[in-house]
Amino acid sequence: MYQTKAYAAKSAVSPLAPFEIDRRAVGPHDVLIDIRFCGICHSDIHQVRDEWGHSLYPMVPGHEIVGIVAQAGAQVKKFKSGDKVGVGCLVESCRECSECQEGYQQYCDHPVFTYSSKEKDGKTLTQGGYSTRIVVNEDFVLRLPENLPMDATAPLLCAGITTYSPLRHWKAGPGKKVGVIGLGGLGHMAVKIAHAMSAEVSVLSRSRKKETDAKRLGAAGYYAMGEEEAFGKLAGTFDLILCTVSADVDWNRYLKTLKRDGTMVVLGVPPEAQAVQAENLIFGRHSLSGSLIGGIRETQEMLDFCGNHGIVSEIEIIPIQKVNEAYERVIKGDVKFRFVIDLASLK
Ligand code: NAP
Ligand code: ZN
Ligand code: ZN
């Protein structure tokens, strides 16, 4: 067992505070990772505050983890000490169901998430990356591209794969018009990745504030949806829309901006249920879908893609002592575009 420094929430109303956890001893197939950086995903905030109703405490959040292998178990094949590695939202799955067999561990009936989840023993709580080290089975550890800076690579482990996977699945590419609702952590990765896939990508943001940034990131179009004429102008435009908004928005208005046979994919997880009018699906044969992160094989594919295209996240680095302040700033939309915790601040 390894005593490990961390930051945890003890309940839905307590701020994150210093905490100690025990990491398990390194088994034959495990890797001990010295965590260097961890991104702050909006899902961390939803879960710390129990906005989805199934949080487990005490909770050490964090599922955009990058670090260096400190020790590899006796039978580990893929990694050795000193390797640069990452861990995303999953640390185990049942490995037997058809989803696992096909590489879709995220859709397994018994996935083990990186935090606020139970290990396969059904008892031990998993604890995430706002900590100095973690022990993970090698099959759930990803290899980082050598050419990318580690700190800005961290957000790829959730924001990157969550946008890459639907862009691939719905075939974003040359001649396809992609709309991205919300230019936050997920949204800005969606813009960079869709642009690198040669799709024509537009940002649908609340205001004009992020226009210059959006264009710099690769957006061909930018629309401030708070402006009166925006929805009318965009009717029938997009082949694919990724909705990355963390709060309640009216999906109906965005469905109307799809072309015939277009698909809107919901990625953001607002706490409230949404009402969808049938006519917004029927007219234009529109589809409304969702997508959850990505499997392990696809996450490695995404990292390699980002390595080949030189894609990383735009980040603001903070010491862990500023994490509660950072949460407030994410909620206000005051971050360009992802906070990343430097875990050296916890050592
Ligand atoms: P984020 O950085 O806070 O970005 C969310 C963006 O949504 C904001 O930048 C903002 O963009 C827009 N927004 C926020 N409040 C809004 C409101 N009231 N009305 C309209 N737009 C609003 O969050 P994130 O880390 O990208 O995560 C986004 C969502 O995806 C969260 O709900 C998170 O839990 C979820 N998520 C899902 C998955 C998955 O597997 N499906 C994975 C990771 C995260 P503008 O300022 O440009 O309007
Ligand atoms: Zn996330
Ligand atoms: Zn499974």
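Predicted model: local features only at pLDDT ≥ 70, side-chain atom pairs only at ≥ 80, totals over all residues.
Donors are N, O and S atoms within 2.8 Å of the metal, and because water is not among the atoms, sites may look incomplete. Cys41 is placed in the loop between β3 (30–39) and α1 (42–48), and His63 in the loop between α1 and β4 (65–72), so the two residues tie together parts that are 22 residues apart in sequence. Both Cys41 and His63 are buried.

A further metal site is formed around the zinc ion (ligand 3). Its coordinating atoms are the SG atoms of Cys94, Cys97, Cys100 and Cys108, at 2.3 to 2.4 Å. The angles among the 4 donor atoms run from 102 to 118°, and the site is tetrahedral. The assignment follows because four donors count as tetrahedral if all angles lie between 85 and 135 degrees. In sequence, the donors of the zinc ion (ligand 3) are spaced C-x2-C-x2-C-x7-C. Of these cysteines, Cys97 and Cys100 are buried.

Glu92 belongs to strand β6, which covers residues 90–92. The relative accessibility of Glu92 is 12%, so Glu92 counts as buried, the cut-off for that class being under 20%. The side chain of Glu92 is joined to the side chain of Arg95 by a polar contact of 2.9 Å. Tyr104 is located in the loop between α2 (98–101) and β7 (112–113). With a relative accessibility of 39%, Tyr104 counts as partly exposed, because this class falls between the limits of 20% and 50%.

Ligand 1 is surrounded by 28 residues, of which the closest are His42, Ser43, Ser205, Lys210 and Arg338. By class, the shell comprises 13 nonpolar, 12 polar and 3 charged residues. Polar atoms of the protein approach ligand 1 at several points. An oxygen atom of ligand 1 lies 2.6 Å from a polar side-chain atom of Ser205. In the case of Arg206, an N or O atom of the side chain is 3.0 Å from an oxygen atom of ligand 1. At Ser291 the backbone is involved instead, with a polar atom 2.9 Å from a nitrogen atom of ligand 1. The protein buries 89% of the 920 Å² that ligand 1 exposes when taken alone. Two or more residues of the shell come from each of the elements α1 and α5 (185–196). The largest contribution is that of α1, which gives 3 residues.

Elsewhere in the chain, Tyr254 lies in helix α8, spanning residues 251–255. Tyr254 has a relative accessibility of 8% and therefore counts as buried. Between Tyr254 and Asp109 there are 31 Å from C-alpha to C-alpha, the two residues being 145 apart along the chain.

Methods:
Residues numbered from 1 in each chain as written. Chains lettered and ligands numbered in written order. Heavy atoms only, no water. Donors = N, O, S within 2.8 Å, 3.2 Å for Na, K, Ca; no water. Tetrahedral: all angles 85-135°; square planar, octahedral: opposite > 155°, others 65-115°. Buried < 20%, exposed > 50% of the residue type's maximum accessible area, 1.4 Å probe, protein only. Helix = DSSP H or I, 4+ residues; strand = E, 2+ residues; numbered from the N terminus. Near = heavy atom within 4 Å. Polar contact = N/O pair within 3.5 Å; in protein donor to acceptor, adjacent residues only side chain to side chain. Areas by Shrake-Rupley, 256 points an atom, 1.4 Å probe, with all protein chains shown as cover. Nonpolar A, V, L, I, M, F, W, Y, C, P; charged D, E, K, R; others polar.
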